[in-house]
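Hi,

Here is the structure I promised you. Please open it first, then read my notes below.

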Amino acid sequence: MEQDDELESIRARKLNALIEHSNKKGEKKMAGNVEVITDAGFDKFIKQDKLVVIDCWAPWCGPCRALAPKIEELSVEMADKVAFGKLNTDENENVALRFNISAIPTVLIFKNGNFVDRIVGLRPKEAMKAAFEKML
Amino acid sequence: MNYDVVIIGSGVAGLQAAIHAARKKVKVAVIGKIEASALSKAHIENYLGIETSDGSKLLETGAKQARHYGAELFPEEVISVEMSEGGFIVKTDGMKDLACKALIIASGISRNKLNVEGEKEFYGLGVSYCANCDCHFFKKKKVAIVGNGSNAAVAALLLKDYADKVYWVAKAVTASKELMEMVEVSSIEIISPAWPAKIVGENVVKGIVLKDGKVIDVDGVFIELGAKGAADLAIELGIIADESGSIKVDRECRTETEGVFACGDITGQPWQMAKAVGEGCVAGLNAASFARKEVE
C-alpha cells in the first residue's frame with residue numbers, strides 16, 4: 001500500500017512537471033484525425049474496415065511527444081485509408097498487458113480487427129507511412 | 001553553486017565554448033569527463049594548423065586553456081537537468097546542483113546499443129533504452145539493468161521502486177561514490193564483473209545469458225550504456241531531437257528553448273572536430289551574452 005502511494009506520488013510529480021512545462025512552452029494540443037482510445041473502447045475501435053493504427057504513449061515519454069505530431073500529420077494524409085488512435089498506456093494498462101508493450105512509443109497495427117504488426121520507438125514519418133501502406 | 005553558463009560535455013565543442021564564454025568574463029562550469037569524449041581515442045590529422053595530434057593531448061590542452069580563462073571543470077556525469085526560476089539546474093552524479101542562466105549542451109551523440117543477439121528482436125517486448133519512459137511497465141516484475149556508470153545506477157535506483165527485483169549487470173561499476181552509497185543500501189543486486197552474451201525469450205524477454213554462461217531470469221532488460229545522452233537531457237528541457245538523435249539549432253547555436261544552446265556532434269553531421277570547434281565558439285559567445293542579458 002505504502003509503495004503504491006509512493007508510485008502514485010512519483011507519477012503525479014512527473015505528470016505535473018510535464019504539464020507545467022508544456023503550458024510554459026504554449027505547446028499545441030494534438031489535432032488531426034487521431035481518436036483518443038481507452039481500454040474500454042479499444043476492441044470496438046480496432047474492428048473497422050480501414051487499417052487501424054494505435055499510437056501507445058505516456059505523458060512523460062519524450063520520444064512519444066516527438067512522435068505525436070508525425071502521427072497527427074499521417075492521420076490527415078491517410079485519412080481515407082487508415083484510422084488513427086492514441087492510447088495512454090499509463091491509464092489503460094489492459095491493452096499494454098494484452099500486447100506485451102514494454103517500451104514506448106509503440107505503434108500497434110490492426111487489419112480487419114486482427115493484430116498484424118508493431119513499430120517500436122521513434123521513426124521517421126516516411127518510414128512509418130511506408131510501413132502502414134505496406135499493410136493496406 | 002551558481003554560474004552564468006553551464007556546459008554539459010567536455011569534448012572539443014564544450015571546451016571551445018568554455019574558452020569563449022569565460023573570456024567574456026562570465027562564470028562558467030564545464031561538466032564531463034575528458035576521457036569520455038569520442039575524440040580522446042582519436043588521432044587528428046585533418047584540423048587546420050595541426051599536422052597530427054592525439055585527441056587526448058588536444059583535449060588536455062583545451063581543458064588547461066579553459067581553466068586558464070576561469071572556467072571550472074567538473075569531471076562528473078550529468079544525471080538530470082531541469083528548468084528553474086531564471087534558468088536551469090543541472091544535477092551531477094557527484095550530487096552537485098549547479099544553477100545557471102544559460103546552458104550549453106555539448107555532450108555528443110549517444111551510442112547506446114549493446115549489439116547482442118535478442119536485443120533488436122525484443123526491443124519493445126522487454127528490452128528498453130529509456131528507464132524513465134518504460135519503468136511503469138515493470139511493476140512487480142524482474143529486470144536487469146546493463147551498464148557500468150552513473151546512468152545505469154540512476155536507472156537501477158528508479159526501477160527498484162517499480163520492479164520486485166532489480167539486477168545490475170556491469171563489466172566494472174564506475175558510478176559515482178554518492179550513487180553507489182544509495183545502491184548499496186538498496187535491494188539492487190549487482191552482478192559484476194559480467195556482461196550479457198544474449199537476451200533470450202519467447203515472444204517476450206525471459207532472461208539474459210551472461211558471457212560466463214550464467215542465466216538470469218528477467219522480464220525486462222534496460223540498456224543504459226555510457227553517460228546520459230544529450231538527446232535524453234534535451235527532452236527534459238522540452239527540446240525534441242529528430243530521428244537521428246540530433247538537436248536542431250539556428251546559426252547562433254540556439255535551440256528551441258530560450259537560454260539553451262547546443263554545439264558539436266549533437267547538432268548533426270559532419271561529426272568533425274572543425275565543425276564542433278566552430279559551433280563551440282558560437283555557442284560560448286552567445287550563451288555568455290544571453291547570461292549577461294546582452295541579447296533579448
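Chain B has 20 residues in contact with 26 residues of chain A. Contact here means that the C-beta atoms of two residues, placed from the backbone, lie within 7 Å. On the side of chain B that touches chain A, helix H3 (residues 131–134) of chain B gives the most, with three residues. That side divides into nine nonpolar, eight polar and three charged residues. Ala, Val, Leu, Ile, Met, Phe, Trp, Tyr, Cys and Pro count as nonpolar; Asp, Glu, Lys and Arg count as charged; the others, Gly among them, count as polar.

A word on the source. This is a predicted model: local features need pLDDT of at least 70, side-chain atom pairs count only at pLDDT 80 or more, and totals for chains, interfaces and linings use all residues. Residues are numbered from 1 along each chain as its sequence is written, while chains are lettered from A and ligands numbered from 1 in the order in which they are written.

Now the sheet. Chain A holds an open sheet of five strands, in the order S1-S3-S2-S4-S5, with mixed pairing. Helices (H or I, at least four residues) and strands (E, at least two) are DSSP runs, numbered from the N terminus. Two strands pair if DSSP finds at least two bridges between them. The edge strands of chain A are S1 (34–37) and S5 (114–120), each pairing on one side only.

Look at S2 (residues 51–57) and S3 (residues 82–88) of chain A. They run parallel, joined by seven bridges. Ile54(A) has Gly85(A) in S3(A) as its bridge partner.

Best wishes
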